[in-house]
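Subject: Structure handover

Hello,

Here is the structure for you to look through. My notes follow below it.

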Amino acid sequence: MLEIKGLHASVKGQQILKGVDLSVKPGEVHAIMGPNGSGKSTLAHVIAGRPGYDITAGSVLYKGQDLLAMTPELRAREGVFLAFQYPVEIPGVSNVYFLKAALNAIRKHRGQSELDAMDFLALVKEKAKLVDIDESLVKRPVNEGFSGGEKKRNEIFQMAILDPQLAVLDETDSGLDIDALRVVAAGVNQLRSPERAMVLVTHYQRLLDYIVPDVVHVLLDGRIVKSGDKELARELEARGYEWLEAPAAR
Amino acid sequence: MRIGKAADNSRNYSQCDSLLLGDQCGAHTFPYIEVLNSTAQMEHEASTSKIGEDQLFYFQQRGVSPEDAVSMIVNGFCKEVFKELPMEFAVEAQKLLGVSLEGSVG
């Protein structure tokens, strides 16, 4: 589903990704771990097509298509979803209105008919239960005045509505207390399916106690230096990242 | 804003919010206040914000085109005022906005 080969990316002339290789198949959940500044969020942003990154080498194939040649909105319509680490506030635009516009843009792209208000609200009701999100939150302006936990929950709620094929979760666990983490993880687990792939970007092993990944990768200094199963995450928690020091840049 | 001599204990609140589209523009606000009665209460507030790249990207990441995103952000910004207008003006204003926004995002 996702094939990343030798990906190099820089921001304002500074090289962040230095040759990332990653292959994700449908149904798999991959965790990407690494210390601050290792390039985890950059990788998530490059997949979603955020402006400001220069791709200096490498390729990204998504469902066999050249992902890097696609606009961000086209990627989204093709089923790429990014759960933001810092979701943005949109004053005056209600969450439901925003989501309806998003869902109908995606449905139109898929050749499906647009959902009318009644069907859409029924869908909202159903998915709101999944992440235990308050319905008043759904009617408020997008993320405005939401607590940190509410914002993260809202991201998972949006993911449930938009039904993506590839979901990238950028530090969805950061800033969550243990109860909120459980709710968010339960929501994510319910969205696991044989057709959907997920990439979890995280700092801590904690999230992986609740969402058990198929593969764990360690990103260090812009490269994936080690991959393994969930035991690797436990080892990282116990030993830190130092023992995996990146090979000297050549 | 002018408060006349006989307007005892009058109150006024004026708010002036600007939303900038693109990086080639600016906003200047000149509130003019003339008060002839010292019992009056006057308040003035002004703010300037702009459509951020972050906001646009958030819409795009959810599948919404930049053109539709700008229109939704601007309409959200103006909603507070529009909902105070009589129906026919509100409809007119919304149409005007739609027209003037065409081609503003490249």
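Chain B averages a pLDDT of 85, and 92% of its residues score at least 70. pLDDT is the predictor's confidence in each residue, from 0 to 100. In chain B, helix 1 (residues 53-61) has the highest confidence, at a mean of 95. Helix 3 (residues 87-101) of chain B has the lowest, at 78. The model scores ipTM 0.92 and pTM 0.86.

Two notes on conventions. This is a predicted model, so local features need pLDDT of at least 70 and side-chain atom pairs count only at pLDDT 80 or more, while totals for chains, interfaces and linings use all residues. Residues are numbered from 1 along each chain as its sequence is written, and chains are lettered from A and ligands numbered from 1 in the order in which they are written.

Chain B

Chain B holds 3 helices and 4 strands. Helices (H or I, at least four residues) and strands (E, at least two) are DSSP runs, numbered from the N terminus. The order from the N terminus is β-β-β-β-α-α-α. The C-alpha atoms of chain B fill a box of roughly 55 × 30 × 20 Å along the principal axes. The radius of gyration of chain B is 18 Å, whereas a compact globule of 106 residues would have one near 13 Å. That radius is taken over C-alpha atoms, and the globule rule is 2.2 Å times the number of residues to the power 0.38. Of the 106 residues in chain B, 16% are buried. Buried requires 20 or more other C-beta atoms within 10 Å of the residue's own; exposed requires 12 or fewer; partly exposed lies in between, and C-beta atoms are placed from the backbone.

Where the chains meet

19 residues of chain A are in contact with 17 residues of chain B. Contact requires C-beta atoms, placed from the backbone, within 7 Å. On the chain A side, the elements giving two or more residues are helix 2 (72-77), strand 7 (90-94), helix 3 (95-109) and helix 6 (148-162). This side of chain A has 14 nonpolar, 2 polar and 3 charged residues. Here Ala, Val, Leu, Ile, Met, Phe, Trp, Tyr, Cys and Pro count as nonpolar, Asp, Glu, Lys and Arg as charged, and the others, Gly among them, as polar.

The sheet in chain A

In chain A, 6 strands form an open, mixed sheet in the order 6-9-10-3-11-12. Strands pair if DSSP finds at least two bridges between them. Strand 6 (80-83) and strand 12 (223-228) of chain A each have a single partner strand, so one side of each has no neighbour in the sheet. Neighbouring strands are turned by 20 degrees against each other on average, direction ignored. Helix 6 of chain A packs on the sheet, touching strand 6 and strand 9 (166-170), and its direction makes about 165 degrees with that of strand 6. Axes are lines fitted to C-alpha atoms, for helices over the stretch in contact, and angles run from 0 to 180 degrees between N-to-C directions. Strand 3 (residues 29-33) and strand 11 (residues 215-220) of chain A pair in the parallel sense over 4 bridges. Ile32(A) has His217(A) in strand 11 as its bridge partner.

Two loop residues

Asp163(A) lies in the loop between helix 6 and strand 9 of chain A. Asp163(A) is not a glycine, yet has a positive phi of about 55 degrees. Asp221(A), in the loop between strand 11 and strand 12 of chain A, has a positive phi of about 50 degrees.

Best wishes

Terms used:
Contact = placed C-beta atoms within 7 Å.
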